[in-house]
Amino acid sequence: MMQLVHKQMRLLRGAALPSATRRARRAPAAFVQAVATDVPSTARAFGASLRPEFRILDQQVNGKPLVYFDNAATSQKAEVVLAAMDDYYHTCNANVHRGVHHLSARATTAYEEARHKVAKFVNASSGREVVWTRNASEAINLVANTWGDENLRQGDEIILSVAEHHSNLVPWQLLAQRTGAVLRHVRLTPDQQELDMQHFKELLGPRTRLVSLVHVSNMLGAVLDTDFVVEEAQRVGAKVMLDCCQSVPHMPVDVQALGADWIVGSGHKMCGPTGVGFLWGKLELLESMRPWMGGGEMIQDVYLDHSTYAPPPGRFEAGTPAIAEAIGLGAAVDYLSGLGMDRVHAYEDAAGAYLWERLSAVKGVSLYGPPPRKSTRGRASLASFNVDGLHATDVSTLLDMSGVAVRSGHHCTQPLHRELGVNASARASLYIYNTDAEVDAFIEALESSIDFFKMQ
């Protein structure tokens with residue numbers, strides 16, 4: 001295989017490129033202007049106009065302009081985000097809360113302002129409803145180990161789905177092992193494109209205590225019918241959690257309109273840094289949940305044999321937090337809010353449709369999830385696919401030889417891949433700074449890779 005890869009690298013380096021890409025190869029910084037010129041629509045120029053704010057994109061990989069299509073795994077970071085974190089470390093690095101000196105006061109203000117920015121971004125009623133976590137996985141585990149342990153008993157039911165990220169499966173499996181709760185899973189529709197809402201309704205019953213589902217699938221790209229899910233869950237008295245890691249960065253999310261009891265999000269997928277995420281929960285629910293981790297920050301008074309605890313969100317934030325990361329996420333929220341999430345969603349909707357259109361025209365490619373505009377809810381700007389006769393990892397490796405970064409494997413959705421009858425897939429996922437010209441370069445590299453294997 002490695003001999004084939006090295007041969008393919010030599011072939012692809014000499015392959016013809018689309019006109020905009022050839023210009024970028026001579027001068028990567030000119031790529032933005034080239035795309036803006038080639039695409040007459042002002043809407044299409046939106047992504048190109050943002051690229052100077054993400055300097056990492058202006059580089060070559062294996063002698064080709066980088067095409068970063070792995071945004072569902074992690075997004076790139078805007079300069080304003082890096083600057084905000086740098087400013088914290090250079091001007092007000094200090095631990096937050098309790099300190100009365102100047103640097104601590106400034107750090108605390110910036111840290112808590114970031115919390116309120118996230119709250120406003122998802123239209124929470126109060127900043128007290130936003131709990132900082134390391135990531136969305138920790139946020140789900142927090143609920144499972146507090147509300148779950150206190151409220152679920154033998155025979156109670158948790159409804160998940162076959163399309164969940166492992167982070168929304170494993171914590172509930174552990175909870176079921178501890179409590180004797182029963183896990184139910186919503187299957188896919190007969191066309192295997194999205195979750196089957198009729199089956200979901202059939203799973204609901206008097207023992208249903210919790211529904212925890214993905215808002216936007218990181219593999220299928222399907223968008224959940226949240227109105228239906230929340231209404232039906234509330235009808236049987238069940239709580240609802242939504243995994244919003246693939247929705248909050250890409251579309252307007254209003255927690256009050258959603259009606260869920262908790263949502264989770266991850267900073268690194270929305271132009272923010274790694275190491276910080278958040279749990280949003282209805283305040284009365286958070287107030288009813290006991291602490292999970294003990295330590296400093298989460299207490300009111302500590303005695304030798306017992307302690308009293310801070311109100312939410314502090315009771316869930318033991319120890320020194322990721323201060324710079326929270327401030328960075330606040331800056332990312334400011335950045336996205338400045339762009340306008342309606343505008344972000346509209347741009348990604350068009351970009352995702354173009355990606356799907358180009359991919360679906362490649363012979364031998366199988367796509368997963370609903371086609372664009374099949375539903376009024378739309379779909380994510382990503383496409384998971386396989387090429388007949390080729391392993392996804394081989395395809396992704398050869399794409400990297402052309403400077404195209406895509407994800408390959410099971411995308412932390414092993415059960416979903418089993419449901420689809422495949423052990424892996426490749427995934428191209430777009431964000432605000434990706435362009436149609438990059439899609440064209442990706443398709444050309446994919447076709448060249450397929451042709452290469454056909455010649456062997």
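Gln-246, His-250, Met-251, His-345, Glu-348, Asp-349, Arg-379, Ala-380 and Ser-381 line the second largest cavity. This description rests on a predicted model. The space inside the second largest cavity comes to about 60 Å³. Its lining divides into 2 nonpolar, 4 polar and 3 charged residues.

In total, the structure holds 3 cavities of 30 Å³ or more. Rolling a probe the size of a water molecule over the atoms shows where empty space is left.

## The largest pocket

The largest pocket has a volume of about 410 Å³. Its lining is made up of 24 residues. Nearest the centre of this pocket lie Ala-72, Ala-73, His-165, Lys-269 and Cys-412.

Sorted by class, the lining of the largest pocket has 8 nonpolar, 12 polar and 4 charged residues.

## The second largest pocket

For the second largest pocket, the volume is about 300 Å³. There are 18 residues in its lining, and those closest to the centre are Trp-132, Thr-133, Arg-134, Glu-138 and Ala-318. At least two lining residues come from β4 (130–133), and at least two come from α7.

The lining of the second largest pocket contains 11 nonpolar, 4 polar and 3 charged residues.

## Helices α7 and α8

Helix α7 also packs against another helix. Its axis comes within 9 Å of the axis of helix α8 (residues 170–179), and the two cross at roughly 20 degrees. An angle under 35 degrees counts as roughly parallel, and α7 and α8 are therefore roughly parallel to each other. The crossing of α7 past α8 is right-handed.

Which residues of α7 and α8 meet? On the α7 side they are Ile-140, Asn-141, Val-143, Ala-144, Asn-145, Gly-148 and Asp-149. On the α8 side they are Pro-171, Trp-172, Leu-175, Arg-178 and Thr-179. By class, this contact of α7 with α8 has 6 nonpolar, 4 polar and 2 charged residues.

## Helices α5 and α13

Helix α5 (residues 79–91) packs against helix α13 (residues 323–339) at an angle of about 145 degrees. The axes of α5 and α13 are 8 Å apart, and their crossing is right-handed.

From α5, the contact is made by Val-80, Val-81, Ala-84, Met-85, Tyr-88 and Tyr-89. From α13, the residues are Ile-323, Ala-324, Glu-325, Ile-327, Gly-328, Ala-331, Ala-332 and Tyr-335. The contact of α5 with α13 holds 12 nonpolar residues, 1 polar residue and 1 charged residue.

## Leu-283

Leu-283 is found in helix α12, which covers residues 283–288. Leaving aside residues up to four places away in sequence, Leu-283 touches Arg-128 and Glu-129.

How many residues apart along the chain are Leu-283 and Ser-126? They are 157 residues apart along the chain, while 8.3 Å separates their C-alpha atoms.

Notes. Residues are numbered from 1 along each chain as its sequence is written. This is a predicted model: local features need pLDDT of at least 70, side-chain atom pairs count only at pLDDT 80 or more; totals for chains, interfaces and linings use all residues. Side-chain values use heavy atoms; hydrogens and water are left out. On a 1 Å grid over the protein atoms alone, a cavity is a set of points where a 1.4 Å probe fits but cannot get out, and a pocket is an open set with protein on both sides within 12 Å along at least five of seven lines; lining residues have an atom within 4 Å of a point. Grid points are joined across faces, edges and corners, and a volume is the space filled by probe spheres set on the points. Ala, Val, Leu, Ile, Met, Phe, Trp, Tyr, Cys and Pro count as nonpolar, Asp, Glu, Lys and Arg as charged, and the others, Gly among them, as polar. Helices (H or I, at least four residues) and strands (E, at least two) are DSSP runs, numbered from the N terminus. Contact means heavy atoms within 4.5 Å. Axes are lines fitted to C-alpha atoms, for helices over the stretch in contact, and angles run from 0 to 180 degrees between N-to-C directions. Angles under 35 degrees count as roughly parallel, over 145 as roughly antiparallel, 65 to 115 as roughly perpendicular and the rest as oblique. A crossing is left-handed if the near helix is turned anticlockwise from the far one by less than a right angle, and right-handed if clockwise.
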